[in-house]
Amino acid sequence: MNSASHPDRPVRVAIVGAGIGGLTLSAALGALQEQQKSESNLKIDLYESASIISEIGAGITLWPRVWKIMQSIDLGESLVQFLPRPPDNSTRLVFQLRKADQQEGEFIHDIMMEGGSTTFHRADLQQTLVSKLTGDLHLGHRFASYEEVDEEIRIHFENGATATCDLLIGMDGIKSTVRKSLLIKQGLPNSPSMEPIWSGTIAYRGLVPRDELDKIFPGHRSITTPMMHVVAYPISRQFVNVAAFVTYPSKKGTPYDNSPMTADQIHQELVSLYASFEKEVKVLLDCLTQPLKWPINQVIPLESYVCRHALIAGDAAHGLPPHQGSGASTAIEDAYILAILLTSPSCTLPNLSKIASIYDSIRCPKGNRALDTAIGCGQLLDLVFPGLEDVNEGDGEVDKKLLETLGKKVSAEWSWVWKESAEDDRGRALDMLQK
């Protein structure tokens with residue numbers, strides 16, 4: 001069944017991966033179709049490898065440009081219930097930078113942002129997206145490969161099932177199998193982007209009950225003030241989300257030792273790594289009794305996210321380290337632009353190649369920029385900065401003006417998340433589709 005012989009039938013869209021990106025795309029397609037009050041021209045199937053959509057993860061940040069997307073796809077009202085106050089355009093503190101690797105920590109810089117940030121427990125965001133899911137959800141379907149036959153895509157799953165679609169969208173995470181298949185189809189079987197690489201950084205993550213922290217350390221600043229590079233910020237009115245980073249620059253690109261460790265072993269290792277830090281940090285990490293230890297991986301930037309009628313988005317396309325908190329936000333932006341294109345009256349079977357090309361021309365540069373700036377921000381937070389080459393952890397006599405300059409640099413590199421709007425990309429996408 002090719003597009004030439006059946007140009008008016010619904011466009012069959014297969015989304016691989018029911019993470020934040022895939023769920024947002026599903027919800028956005030439904031919301032935009034409802035807003036247009038037009039008969040749907042899409043057949044949507046969402047495939048997930050897990051047998052259930054589990055509520056995992058901790059804190060997640062959405063920046064002002066992405067909060068506007070959530071409002072545009074009718075999710076703002078559902079999500080605002082999880083926030084201490086509705087987002088607005090006032091300039092607010094996003095993160096406070098401190099040099100805390102000493103007995104008496106020092107203030108470096110306040111990162112201020114118009115619109116601030118909205119922070120959620122990942123489970124709250126996930127539940128909201130699931131409640132707005134559009135299309136058919138297929139659990140227990142782990143993607144294996146795909147092939148194009150007569151302008152259709154045939155998908156093969158590890159459970160032996162097959163499916164047919166007109167447009168394949170891989171949003172199956174940083175270890176994406178769709179990405180591997182797409183690169184092979186692009187003639188790049190030896191691409192360095194086939195597998196993610198270890199960045200050399202480890203994150204120790206978890207949640208600390210706010211009441212417990214306040215009891216042990218009354219007035220602990222992380223309860224009200226988001227902090228970094230031991231990232232700590234309040235979420236869900238009950239917890240402080242914590243991510244403590246340790247970087248081994250020489251190990252970037254090397255295999256990560258994933259030897260099993262108990263939660264107690266991980267906690268002991270974390271506490272020992274931060275033993276020289278100021279008391280406020282040590283108390284926070286003492287309360288993190290069940291931390292997870294994650295290697296921070298990243299994808300080598302791709303030149304294109306598309307091959308004919310198959311494309312990748314989210315972490316599958318630009319898996320990035322979390323140093324600007326923009327991984328989920330960037331995936332949501334990918335989903336938004338795709339949804340805008342696919343719900344346009346111009347979305348027809350003969351136009352699918354054009355739609356894929358427009359998505360690629362807009363989102364590939366933006367996704368790769370988010371990847372590059374996240375990597376650069378991580379280096380700045382590890383004090384990789386001109387004039388600080390000889391500074392070691394624990395050094396107390398560091399030029400305060402130089403640290404303030406570094407803090408301003410971090411702010412400047414982060415400003416795109418609120419100074420730019422995804423609506424500009426939306427307009428460009430639709431203009432390109434009409435030409």
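A residue counts as buried under 20% relative accessible area, as exposed over 50% and as partly exposed in between (1.4 Å probe, protein chains only). The model described here is predicted, so that local features need pLDDT of at least 70 and side-chain atom pairs count only at pLDDT 80 or more, while totals for chains, interfaces and linings use all residues. Residues are numbered from 1 along each chain as its sequence is written, and side-chain values use heavy atoms, with hydrogens and water left out.

R65 is buried, because its relative accessible area is 4%. This residue is found in helix 2 (residues 64–72); helices (H or I, at least four residues) and strands (E, at least two) are DSSP runs numbered from the N terminus. The side chain of R65 is joined to that of E333 by a polar contact of 2.7 Å, a polar contact being a pair of N or O atoms within 3.5 Å, of which, within protein, one must be able to donate a hydrogen and the other to accept it, and for which residues adjacent in sequence count only if both atoms are side-chain atoms. When neighbours within four places in sequence are left aside, R65 is in contact (heavy atoms within 4.5 Å) with E333, R369, W416, V417, E420, S421, A422 and D425.

K419 lies 354 residues from R65 in sequence, but the C-alpha atoms of the two are 8.3 Å apart in space. K419 belongs to helix 13 (residues 416–419) and is exposed, because its relative accessibility is 59%.

Helix 11 (residues 352–381) and helix 14 (residues 422–434) have axes that come within 10 Å and cross at roughly 150°. Helix 11 is therefore roughly antiparallel to helix 14, the term applying to angles over 145 degrees, with under 35 roughly parallel, 65 to 115 roughly perpendicular and the rest oblique. Axes are lines fitted to C-alpha atoms, for helices over the stretch in contact, and angles run from 0 to 180 degrees between N-to-C directions. In the contact, K354, I355, I358, S361, I362, R363 and K366 of helix 11 meet D425, R428, A429, M432, L433 and Q434 of helix 14.
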